[in-house]
Each structure stands twice: as structure tokens, then as C-alpha cells.
Amino acid sequence: MAKEESPSTLKDLQELQRKLSLLLESFQNNSKVVAFTKSPVGQYLDRHPFLALTVLVFIAVSAVPVGIFLLLVVFTSLAALVGVILLEGLVISVGGLSLLCVLCGLGFVSVAMSATIMASYMVISSLISFWFSPRLLTQQNPSPDCQLAMKAADFEGLYQE
């Protein structure tokens, strides 16, 4: 069985090697890679392969934690944004209801004060008109000479004081 699989396995390995060499060649011929290898950093890493491998492994390994951190930042920002919107909506709703209650209370107080002022005005004006009514004076003293005498007596009382 091992002899039957070995020619197909060898063929598969050769096909894989050919595909990898084509992939490597396409990387090496890429204009960005060529520009990087001609830069001072690329030349330094070309002279120090261990450091190049270390940087490559570090970048590959750190990609996952950095990605998780960035996702955490994005989700936290979204949650904060939604929370702020919800909190702002809650504050505006509570503030609006409080304002509505205060305005209703002020409306009630305004109606009560207006009713009190109107009732006071009506009572005071009725009392004043009752106390200082010309009809009362004429009913008590039907003659106009008496009214004149009362007015003269009032003036005399003022001069005596």
C-alpha cells in the first residue's frame, strides 16, 4: 500500500513545491516588496535574517491580540455611544416630564391666584361701593340739604383737628 501511495504523494509534493515557488516569486516581484528590500530597513533585515524572522513572528503573533483590542475598543465605543444616547434620552425624558409637572403646577397656581385676586377685587369693590354708595346717604337723609349739611360738618371736623 505504501508503494501505491508514494508516486501520488510525490506528485502532490512536487505540485505543492511548484505552487509555493510561484507564490514566492510573485512576492519577490511585487513592486512594494522590491521597494522595501531596497530601503535601509529592508537591507538591514536582509543582512540579519534572525532579526527579520523575529520581527515577522512578532507581527504575526501580535496581530491577534491587537485585533482583539481594536474590536474591544470599537465595541466599547459603540456601547458608550448607545449608552450616552440612551442616557441622554432618559435625561431628556425625565427633564421633559419634570418640566411638564412644574408647568402644570404653575398653571394651577396661576389659576388659583387669578381666582383669589378676582374674588378679592369683587369683594373689595363691592364693599367700597356699599360703604361709599350715594344711595345709602340719600336713604338715611332724604333731603339734599341734609347731604350738604353732612358735607359741611365733615369739613368742619377736618378743620377742628
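The lining of the largest pocket comprises seven nonpolar residues, two polar residues and one charged residue. Please bear in mind that the model on the screen is predicted.

Which residues are these? The lining consists of Val 33, Phe 36, Thr 37, Gly 42, Leu 45, Asp 46, Ala 52, Leu 53, Val 55 and Leu 56. Three elements each contribute two or more residues to it, namely helix H2 (31-38), helix H3 (40-47) and helix H4 (49-131). Of the elements, H4 gives the most, with four residues. As for volume, the largest pocket holds about 300 Å³ of space.

I turn now to the chain as a whole. It contains six helices and zero strands, and the pattern along the sequence is α-α-α-α-α-α. How much of the chain is buried? Of its 161 residues, 3% are buried.

Next, the helix pairs. Two packed helices are described by the angle between their axes and the distance between the axes.

For H2 and H3, the axes come within 4 Å and cross at roughly 75°. An angle of 65 to 115 degrees counts as roughly perpendicular, and H2 and H3 are therefore roughly perpendicular to each other. On the H2 side, the contact is made by Phe 36, Thr 37 and Lys 38, and on the H3 side by Pro 40, Val 41, Gly 42, Gln 43 and Leu 45. Sorted by class, this contact of H2 with H3 has four nonpolar, three polar and one charged residues.

What of H3 and H4? Their axes come within 5 Å and cross at roughly 110°, which makes H3 roughly perpendicular to H4. Here H3 supplies Tyr 44, Leu 45, Asp 46 and Arg 47 to the contact, while H4 supplies Pro 49, Leu 51 and Ala 52. The classes in this contact of H3 with H4 are five nonpolar, no polar and two charged.

Finally, a point that links the two topics. Leu 45 belongs to the pocket lining, to the contact of H2 with H3 and to the contact of H3 with H4. Thank you for your attention.

Notes
Residues numbered from 1 in each chain as written. Predicted model: local features only at pLDDT ≥ 70, side-chain atom pairs only at ≥ 80, totals over all residues. Heavy atoms only, no water. 1 Å grid on protein atoms, 1.4 Å probe; cavity = no way out; pocket = protein on both sides within 12 Å on 5 of 7 lines; lining within 4 Å. Points joined across faces, edges and corners; volume = space filled by probe spheres on them. Nonpolar A, V, L, I, M, F, W, Y, C, P; charged D, E, K, R; others polar. Axes fitted to C-alpha atoms, helices over the stretch in contact; angles between N-to-C directions. Parallel < 35°, antiparallel > 145°, perpendicular 65-115°, else oblique. Contact = heavy atoms within 4.5 Å. Buried < 20%, exposed > 50% of the residue type's maximum accessible area, 1.4 Å probe, protein only.
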